[in-house]
Every structure is written in C-alpha cells, then in structure tokens.
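Reader: I would like to learn how to read some features of a model. Please take them one at a time.

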Amino acid sequence: MVKLAPLQPEHVAHFYTWVRDPEVIAYSLSAFQRLKTTEQIDQWFAATLQQANTLNLGIYLEETNALIGYAGLSGISVTNQSGEYFIFIGEKAWWGQGVGTAVTKQIVHLAFTSHHLNRVMLTVSESNTGGLKAYAKAGFVVEGRLRQAAFRQGVFHDKIVMAVLKAEWQPQGVAV
C-alpha cells in the first residue's frame, strides 16, 4: 500500500495545497495554522529537512511513488532512548484507508529496531477518532490527558498522550 522514504526538497510543492486546506491541518502541527504564504511554507519545509534528532520520512504510494504525506519521530533522545511520533496525511483520498495504521506500525518498527529506542510517545486531539484507533492498533496505550491543550476553529480541546514501550511492542510483520 505505502512505503516510507526520505523527503526531497522538490516535495515542498505538495505542502502548498495541503497546508492551505483547513480540513487537512485541523489536527496537525500548530505551525501549520500560521503558514500562509508559499515563502513561509518553503522556509518551514527547508528547516524540517535539516532538523537534528528528527526522522522525517515521506509517505509514498507503492504503485505510483506519489507522495501523500509524511511521518516520523521528533525529539529523538539518545540518552532517554525515546522520541515523539508524528504523522500527516495530506491527501484526503487516503484518509480512512488504513494508511495511518500501516505507517504508524512501520515507524514504531524503525524506532525500536533501527533507532534502538525504548519509548515512543505521541499526542493526539481527543476528537481525532481515526488517529486514536490507528495508534491503538499499532500498540500505543493511553497515558494521560492534556486538558484544553489545543485551540482549533475557535474551540479548546484536550490532547490525549499515548505511548508504546519496546517491552510491550509486538512486531507485526511490518514491511519496511
């Protein structure tokens, strides 16, 4: 269905459309809420590709190699053997198709095998039911709640903290 591979500078053009669609960015990075111009998106993307302690991978369709989003780990700590998972599926046609679950499983596999992490955590908006389901299917468990931690569309909502530990993780035949 999908494969993960590095993002390239020329992929920024996809983000011009994605970041300007309020539905696509509803549950995503707070930074996306501020990006309005092509120049701002260019600057954000260039900085993203250069981030230290971050694994940024494009989500590509296996059959066509089309970019449909990106995912990875931020804040990777060698000392604490931990990182924070993120995913952004910009192509709405692929929402609800199992892409989020498949990508989450692949990134968790990389975190524990290639990056030798012990813990992967994430935060997800309480109203993002698709995300909550995908993360649970990939082995994440709820650890807590950040009350009114996100402000979107004029309303505060809670963020749910989830994590998976290497000791709890069960490799699930992931193709990486």
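Reader: Where is Tyr135 found?
Author: Tyr135 sits in helix α6, residues 129-137. Helices (H or I, at least four residues) and strands (E, at least two) are DSSP runs, numbered from the N terminus. This is a predicted model: local features need pLDDT of at least 70, side-chain atom pairs count only at pLDDT 80 or more, and totals for chains, interfaces and linings use all residues. Residues are numbered from 1 along each chain as its sequence is written, and side-chain values use heavy atoms, with hydrogens and water left out.

Reader: Is Tyr135 buried or exposed?
Author: Buried means under 20% relative accessible area, exposed over 50%, partly exposed in between (1.4 Å probe, protein chains only). Tyr135 has a relative accessible area of 9%, so it counts as buried.

Reader: Which residues does Tyr135 touch?
Author: Contact means heavy atoms within 4.5 Å. Leaving out residues up to four places away in sequence, Tyr135 touches Tyr85, Ile87, Thr104, Leu122, Val124, Phe140 and Met162.

Reader: How does the lining divide?
Author: Ala, Val, Leu, Ile, Met, Phe, Trp, Tyr, Cys and Pro count as nonpolar, Asp, Glu, Lys and Arg as charged, and the others, Gly among them, as polar. The lining of the largest pocket has 22 nonpolar, 18 polar and 6 charged residues.

Reader: Now helix α4. What span does α4 reach?
Author: The expected span of a helix is 1.5 Å times one less than its number of residues. Helix α4 (residues 38-50) has 13 residues and reaches 19 Å from first C-alpha to last, close to the 18 Å expected.

Reader: Which residues of α4 are buried?
Author: Ile41, Trp44, Phe45 and Thr48. They cover an arc of only 95 degrees around the axis, so they lie on the same side of α4. The arc is that of the directions from the helix axis to the C-beta atoms. These buried residues pack against α1, α3 (30-34), β2 (55-61) and β3 (67-77). The face turned away from them carries the exposed residues Glu39, Gln43 and Gln50.

Reader: Which residues of α1 are buried?
Author: Val12, Phe15, Trp18 and Val19. Seen down the axis of α1, they fall within an arc of 105 degrees, so they line one face of the helix. Their cover includes α2 (22-25), α3, α4, β3 and β4. Take Val12, in α1 (residues 12-19). Val12 has 12% relative accessibility. Beyond residues up to four places away in sequence, Val12 touches Ile41, Asp42 and Phe45.

Reader: How many residues of α5 are buried?
Author: In α5, 12 of its 15 residues are buried, so the helix is mostly covered.
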